[in-house]
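This note is for a colleague who is meeting the structure for the first time.

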Amino acid sequence: MSKSKTVYTCQNCGAQSPKWMGKCPDCNQWNSYVEETYAAPSSGNAARAPLIDLNPTQPQPITEISAELGEHISINMPELDRVLGGGYVPGSAILIGGDPGIGKSTLILQTLKNLAQLNKKVLYASGEESAAQIKTRAERLDVHEKSLLVVTENCLERILEMIRKHKPDVIAIDSVQTIYSQNLASAPGTVSQVRECAGQIITTAKSTGMACLLVGHVTKDGSLAGPKVLEHMVDCVLYFESDQGHTFRILRSIKNRFGAANEIGVFEMTGEGLKEVSNPSQLFLSERSQNTAGSVVVSSLEGTRPLLLEIQALVTHSGLGTPRRTAIGVDNGRVALLVAVLEKVVGISLSDQDIFVNVAGGLKVTEPALDLGISMAIYSSFRNLPIDHKTVFIGEVGLTGEVRAVNLLDLRLKEAAKLGFAHCFTPQNKSQTKNNIEGLELHPVKTIEECLHQLF
Ligand code: TYD
Ligand code: MG
């Protein structure tokens, strides 16, 4: 006879316990345990069967395995294709996460529209919106493709039934947190439901060659809601991000089994949906005022894409006992380190100054290649000396003030030359200073002191 079993599952990390607990011993989250009921399978063997039951395969010598991963199929949307490594791979699962209202459903619908135009059969299963709401969005996006099927459905079993019937090339599930399986008693969005539903859809995708796009919610702190296993199960994890008050959106790949991770695609949200931004450096530098103190241009590398960004620093006399250090878009600790290096190596005193550093445009960057630019922006604002607006800074700064090499310098220099920059301060590295880029004068420097001497 089948018996149901009650367990308590942490909604943050997926840990399970037979008793309720106030604090999860695994992830230290408070009040995250939720009661979940499983209907135990009637036969003992079935209980031990794995969730994903692929066709049994025999071991074979590694020399005989084909390296073909399956080819990428272009979506005809260069920014999305770039993030996915050239398009989608049949049979793969792609998870898209992002804050509410950022444009996940819009991106999905535009993707499906493009695929429908490429004669693919696509199915959009939404558990969040009514068909009329989807239609309203489709009208804004000018979607009139007959091969784009839409269904508003939350039940996993019925979605699987539809997949069997219509055999789509691509299915989009918006969102995986709203889908539930009838076999589980817990509410949609709980760890076990998300795991079970995503698992079943991914298994179906792998066995039929259908690609699936899963939309995932994010939690308050910005990570994907649901268990971490969700990220392990899919082939590709994309985050859709933006800064409040900005219309541009960045699609970033966190994991990609079929291409480079950390690649970014840039879009702009307009009245007619998402528009691709093929030259993001131009967008980020478009509002720059020329020859003002505290503003410099740096080069950051996102995946394999060089981006030129404006760094702004403001150094003003502080009326506070402990002066303020505020960094937006770059790491606070990194800025504190550069301030300390400037004080020690260059000999300026910043202990009575408020320092604000900002990446214009609202982008968040973690690359150390920005160091040289940030230090120069701080110095420029402190002394009130503008830096020539056709200058780019590239280089990591070490604790003794030395300027260290960065990777893929060539690529960054080419981007700077393309956008019409005339001077570039770079690290002094034998192999790297050979590069000769037309129209761009290179200034290799060993230390930040040397850089300051050449500048002012
Ligand atoms: P949506 O795709 O519904 O976001 P998500 O699925 O991530 O919650 O996008 C919602 C926002 O995008 C909403 O605030 C309206 C805006 N939007 C536009 O500005 N232009 C458009 O063409 C569309 C479709 C939406
Ligand atoms: Mg949505």
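1. The side chains of Arg82 and Glu263 meet in a salt bridge, with N to O at 3.4 Å; the term denotes a side-chain nitrogen of Lys or Arg within 4 Å of a carboxyl oxygen of Asp or Glu. Arg82 belongs to helix H2 (residues 78-84) and Glu263 to the loop between strand S10 (248-256) and strand S11 (264-270), so the pair ties together parts that are 181 residues apart in sequence. Helices (H or I, at least four residues) and strands (E, at least two) are DSSP runs numbered from the N terminus.

2. The model is predicted: local features need pLDDT of at least 70, side-chain atom pairs count only at pLDDT 80 or more, and totals for chains, interfaces and linings use all residues. Residues are numbered from 1 along each chain as its sequence is written, chains are lettered from A and ligands numbered from 1 in the order in which they are written, and side-chain values use heavy atoms, with hydrogens and water left out.

3. By the stated rule, the count of salt bridges comes to 14. One of them joins Arg164 and Glu161 (3.7 Å, N to O). Both residues lie in helix H5 (residues 156-166), 3 residues apart, about one turn of the helix. Arg164 counts as exposed at 52% relative accessibility, and Glu161 as partly exposed at 47%.

4. Another salt bridge pairs Glu396 with Arg334, their closest N and O atoms being 4.0 Å apart. This pair links distant parts of the chain, since Glu396 is in strand S18 (residues 396-397) and Arg334 in helix H9, 62 residues apart. Glu396 is partly exposed at 22%, as is Arg334 at 26%.

5. Helix H9 (residues 332-346) packs against helix H10 (residues 371-383) at an angle of about 65°, with the axes 10 Å apart. Axes are lines fitted to C-alpha atoms, for helices over the stretch in contact, and angles run from 0 to 180 degrees between N-to-C directions. The contact (heavy atoms within 4.5 Å) involves residues including Arg334 and Leu338 of H9 and Asp371 and Ile378 of H10.

Technical notes: Buried means under 20% relative accessible area, exposed over 50%, partly exposed in between (1.4 Å probe, protein chains only).
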